[in-house]
Amino acid sequence: MGLLGSSSSCSSLVAVVLVLNVAVVCNGGKTSTFVRKVEIGNDMPLDSDVFQIPSGYNAPQQVHITQGDHVGKAVIVSWVTVDEPGSSTVNYWSENSKEKKQAQGKVVTYKFTNYTSGFIHHTTIRKLKFSTKYYYEVGIGHTPRQFWFTTPPEVGPDVPYTFGLIGDLGQTFDSNMTLTHYELNPQKGKTVLYVGDLSYADRYPNHDNVRWDTWGRFVERSVAYQPWIWTAGNHEIDFVPEIGETKPFKPYTHRYHVPYKASNSTAPFWYSIKRASAYIIVLASYSAYGTYTPQYKWLEAELQKVDRTETPWLIVLMHAPWYNSYNHHYMEGETMRVTFEKWFVDKKVDVVFAGHVHAYERSNHVSGVYSTGIGHKGALPLRRSL
Ligand SMILES: *[C@@H]1O[C@H](CO)[C@@H](O)[C@H](O)[C@H]1NC(C)=O
Ligand SMILES: *[C@@H]1O[C@H](CO)[C@@H](O)[C@H](O)[C@H]1NC(C)=O
Ligand SMILES: *[C@@H]1O[C@H](CO)[C@@H](O)[C@H](O)[C@H]1NC(C)=O
Ligand SMILES: [Fe+2]
């Protein structure tokens with residue numbers, strides 16, 4: 001059982017904290033006095049403080065981490081260098097041992113019409129100990145930069161853990177406020193469940209991928225220190241045949257790696273992880289999910305693997321919500337709901353988080369459009385707050 005913490009949302013965004021903890025029944029109620037603005041905010045200009053390029057030759061920038069295996073003993077470290085490829089090595093050491101270990105990774109680049117990316121490094125650190133603080137260093141040989149993260153407790157039913165929830169962040173002045181709200185939340189989220197729509201670079205001519213770089217620098221202050229669990233949204237599709245860009249998700253898949261092979265997924269858009277007391281399934285609103293498709297077959301098999309005595313919490317992330325009372329994006333999630341909802345009810349999914357609609361809304365359990373009016377063991381009793 002658990003309790004949903006405070007929420008704050010700025011014009012297009014949501015940042016809440018979910019505490020998986022002791023048996024507290026909470027009446028959702030109204031948890032914030034925040035009222036969002038109606039207008040869409042302006043993007044922060046390129047010379048904003050949050051986009052500052054770290055100084056030093058070939059200094060790593062846009063550093064970000066995510067879970068790197070199925071259970072939380074591995075971390076994928078990613079970053080970008082711009083002057084030359086440089087080293088993909090990560091030096092790391094636990095708080096209590098000064099002996100540095102090394103992990104090797106690889107570097108990728110991509111072109112997007114007339115934009116050429118920097119050198120994007122992805123290195124997985126494995127065999128970490130649970131509940132341990134590690135320091136890590138990237139930029140070896142040129143301009144090293146140091147960060148840290150704490151691994152989750154071993155997967156099990158009785159391990160409290162606090163997730164943050166953010167979606168549709170973008171890079172407006174409001175985005176910066178949302179991230180600040182998350183950072184200042186007294187519940188102190190340890191991992192962000194990110195429900196899609198990252199940079200909104202696709203709002204610019206040619207989807208100016210410079211705005212993917214600025215976004216990476218903007219969120220580094222959080223995601224270099226705690227994993228963000230990625231979900232692909234519509235703003236990650238970047239399908240622009242008019243300018244010859246016909247391979248969907250190109251910038252997203254080059255920049256953001258996820259541990260999809262660890263859950264036997266065949267594509268990075270749908271996968272699962274276990275973290276502390278939660279089993280988290282990430283679904284792809286913009287990949288095929290009809291009967292017989294790879295995502296459908298994967299999810300069908302995946303749901304059988306969830307053991308509630310090990311992970312009492314079953315959480316699903318997706319971008320397009322199945323339920324939404326706003327007119328914007330209304331019913332865009334409907335075909336996926338029709339396809340998968342019965343499985344969710346059968347498997348007693350505790351909570352589904354989605355993004356896409358830029359307003360905070362939550363509900364009690366619903367299925368088949370109407371509220372079931374019933375909870376179940378381990379369920380989170382929620383109410384509409386708006
Ligand atoms: C790419 O083309 C766009 C539109 O013509 C232009 O604004 C931008 O500066 C170009 N970028 C590069 C890196 O050449
Ligand atoms: C973003 O927020 C931080 C505080 O969290 C502040 O220091 C910074 O000046 C803000 N930048 C912009 C461009 O709003
Ligand atoms: C993935 O498949 C392999 C081979 O069938 C199996 O051993 C492994 O347990 C599976 N992993 C997960 C997380 O389902
Ligand atoms: Fe969206």
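The shell around ligand 2 contains three nonpolar, two polar and two charged residues (Ala, Val, Leu, Ile, Met, Phe, Trp, Tyr, Cys and Pro count as nonpolar, Asp, Glu, Lys and Arg as charged, and the others, Gly among them, as polar). This is a predicted model, in which local features need pLDDT of at least 70 and side-chain atom pairs count only at pLDDT 80 or more, while totals for chains, interfaces and linings use all residues. Residues are numbered from 1 along each chain as its sequence is written, chains are lettered from A and ligands numbered from 1 in the order in which they are written, and side-chain values use heavy atoms, with hydrogens and water left out.

**Ligand 2**

- Met44, Asp49, Val50, Phe173, Asn176, Thr180 and Arg221 surround ligand 2, each having a heavy atom within 4 Å of the ligand.
- Helix α1 (residues 173-184) supplies the largest share of this shell, three residues; helices (H or I, at least four residues) and strands (E, at least two) are DSSP runs, numbered from the N terminus.
- Oxygen atoms of ligand 2 lie 2.4 Å from a polar side-chain atom of aspartate 49, 2.3 Å from one of asparagine 176 and 2.8 Å from one of threonine 180.
- Of the 360 Å² of accessible area that ligand 2 has on its own, the protein covers 57% (Shrake-Rupley method, 1.4 Å probe).

**Iron ion (ligand 4)**

- Asp197 (OD), Asn234 (OD1), His319 (NE2) and His356 (ND1) are the protein donors of the iron ion, lying 2.1 Å from it; donors are N, O and S atoms within 2.8 Å of the metal (3.2 Å for Na, K and Ca), and sites may look incomplete because water is not among the atoms.
- Along the chain, these donors follow the spacing D-x36-N-x84-H-x36-H.
- Asparagine 234, in the loop between β15 (228-229) and α3 (250-255), and histidine 319, in the loop between β18 (313-317) and α5 (334-346), are 85 residues apart and link distant parts of the chain.
- Histidine 319 is buried, at 0% relative accessibility (buried means under 20% relative accessible area, exposed over 50%, partly exposed in between; 1.4 Å probe, protein chains only).

**Glutamine 61**

- Glutamine 61 belongs to strand β3 (residues 61-67) and is buried, with a relative accessible area of 2%.

Key. A polar contact is a pair of N or O atoms within 3.5 Å; within protein, one must be able to donate a hydrogen and the other to accept it, and residues adjacent in sequence count only if both atoms are side-chain atoms.
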